[in-house]
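Keep the sequence and the 3D view side by side as you read.

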Amino acid sequence: MLVAVFRLLARLPLSWLHVAGAALGRLVYGCSPIYAARLRENLYASGVCSGEAQCKALLRRAIAETGKGMTELVAVWFGSDERVAQMVVACEGWNVVEAARARGKGIIMMTPHLGCFEMASLYIVQRQPMTLMYRPPKLAWLEPLMIAGRSRWQATVAPANIRGVRMFYRTLQQNGTVGILPDQAPGAGEGVWTNFFGRPAYTMTLVVRLQRATGAAVIMVFAERLAGGQGYHLHFEELPTAQFDEAALNHAIEAQVRRCPEQY
C-alpha cells in the first residue's frame with residue numbers, strides 16, 4: 001500500500017517535492033531543540049563558514065537542504081525509470097570510472113551523505129552492476145521501502161553485517177563494483193579515531209581494508225542537488241591509493257563537503 005502511495009506522489013514535479021522538503025526541514029529544526037543544537041554546533045565548529053552572518057546564512061540553507069533530502073526520496077526511489085534517468089542533467093568525471101574498469105580491477109564507489117547520494121548510486125547501476133551496502137533503518141517499516149527503492153537496474157543490496165562484507169570482497173575479487181557510504185559511524189571495533197574537520201571522529205576501516213586486500217580503485221561520487229528542482233549534477237573523482245588510509249579517506253570527504261556544505 002505504501003509503495004503504491006509513494007509511486008503516486010513520485011509523479012509530482014521535483015521542484016514541488018523540494019519546496020515541501022524545505023518546509024519540512026524548517027519544521028523539524030523548530031520542533032527538535034536537540035537536533036537544532038547539534039546542527040548549529042557541528043556547522044559552526046567545522047570551519048566551513050566564517051563570521052556570524054555567513055554561518056547563519058549557511059545554517060538556513062542547510063536546514064532547507066536537509067528537508068529536501070527526505071522528500072526527494074519519493075521521486076528518486078519510486079519515480080519511473082525514465083523519469084529518474086532524466087533527473088541527472090550533468091555529469092562530470094564518468095571517464096574515470098571507464099578508465100578504472102578498463103584496468104581490470106574492482107571499484108569502490110564512495111558516496112558520503114552529501115547531496116542526493118541515492119541518485120548517485122542509481123546513475124551508476126543504470127550503466128553497470130554494483131553491490132550496495134545498506135544499514136537497516138531504525139524504523140522497521142522503512143526497510144522494505146529502502147530495498148524497493150534501491151533494487152533497480154543492475155543493483156544488488158548487501159546488509160551491513162559480515163554477510164554483506166563477504167559479498168563486497170567477492171564482488172571486488174571478481175573485478176566488480178561496490179558502493180558504500182564512507183561517513184557512517186562504524187560499530188565497536190570496526191573503526192579508528194582520526195580527524196574530521198579538525199575534530200576526532202570514529203572512522204570506518206572497511207574501505208581501507210577492502211582496497212588493500214583487492215587493489216580496487218577508489219572513486220568518490222557526489223550528486224549535487226540543483227536549485228529549483230532542476231535535477232542533479234554528478235561529480236566523479238578517483239582518489240590516489242598509494243598511501244590510502246582512514247586519514248586520507250576523511251580528507252577526501254572533507255574536500256567534497258567543502259564544495260557544497262549546505263547539502264551535507
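## A pair within one helix

Arg258 and Glu254 sit four residues apart in helix α11 (residues 246–259), so about one helical turn separates them. Helices (H or I, at least four residues) and strands (E, at least two) are DSSP runs, numbered from the N terminus. The side chains of Arg258 and Glu254 meet in a salt bridge (3.9 Å, N to O). A salt bridge is a side-chain nitrogen of Lys or Arg within 4 Å of a carboxyl oxygen of Asp or Glu. Arg258 is partly exposed, at 43% relative accessible area, while Glu254 is buried, at 13%. Buried means under 20% relative accessible area, exposed over 50%, and partly exposed in between (1.4 Å probe, protein chains only).

The model is predicted: local features need pLDDT of at least 70, side-chain atom pairs count only at pLDDT 80 or more, and totals for chains, interfaces and linings use all residues. Residues are numbered from 1 along each chain as its sequence is written, and side-chain values use heavy atoms, with hydrogens and water left out.

## Salt bridges across the sequence

Side chains of opposite charge can pair when their charged atoms come close. How many salt bridges does a search of the whole structure find? The search finds nine.

One of them joins the side chains of Glu65 and Arg225 (2.7 Å, N to O). Glu65 lies in helix α4 (residues 52–78) and Arg225 in strand β8 (residues 217–225), so the pair ties together parts 160 residues apart in sequence. Both residues are buried. Another salt bridge links the side chains of Asp81 and Arg152 (2.6 Å, N to O). Asp81 is in helix α5 (residues 81–86) and Arg152 in the loop between α8 (142–150) and β4 (155–159), so this pair ties together parts 71 residues apart in sequence. Asp81 is partly exposed, at 42% relative accessibility. Arg152 is buried, at 9%.

## Nonpolar cores

In soluble globular proteins, nonpolar side chains tend to be buried together. A nonpolar core is a set of buried Ala, Val, Leu, Ile, Met, Phe, Trp, Tyr and Cys residues joined through side-chain atoms within 4.5 Å. The largest one here has 38 residues, and Met119 and Phe236 have the most contacts inside it. Helix α7 (residues 117–125) supplies the largest share of this core, six residues.

What does Met119 touch, leaving aside neighbours within four places in sequence? Met119 is in contact (heavy atoms within 4.5 Å) with Val76, Val84, Met87, Val88, Ala223, Tyr232 and Leu234. Another core lies apart, with 26 residues, among them Ile108, Val178, Ala216 and Val218.

On a 1 Å grid over the protein atoms alone, a cavity is a set of points where a 1.4 Å probe fits but cannot get out, and a pocket is an open set with protein on both sides within 12 Å along at least five of seven lines; lining residues have an atom within 4 Å of a point. Grid points are joined across faces, edges and corners, and a volume is the space filled by probe spheres set on the points.

The structure holds one cavity of 30 Å³ or more. Of its 15 lining residues, Met133, Ala160, Val165, Glu190 and Leu206 are closest to its centre.
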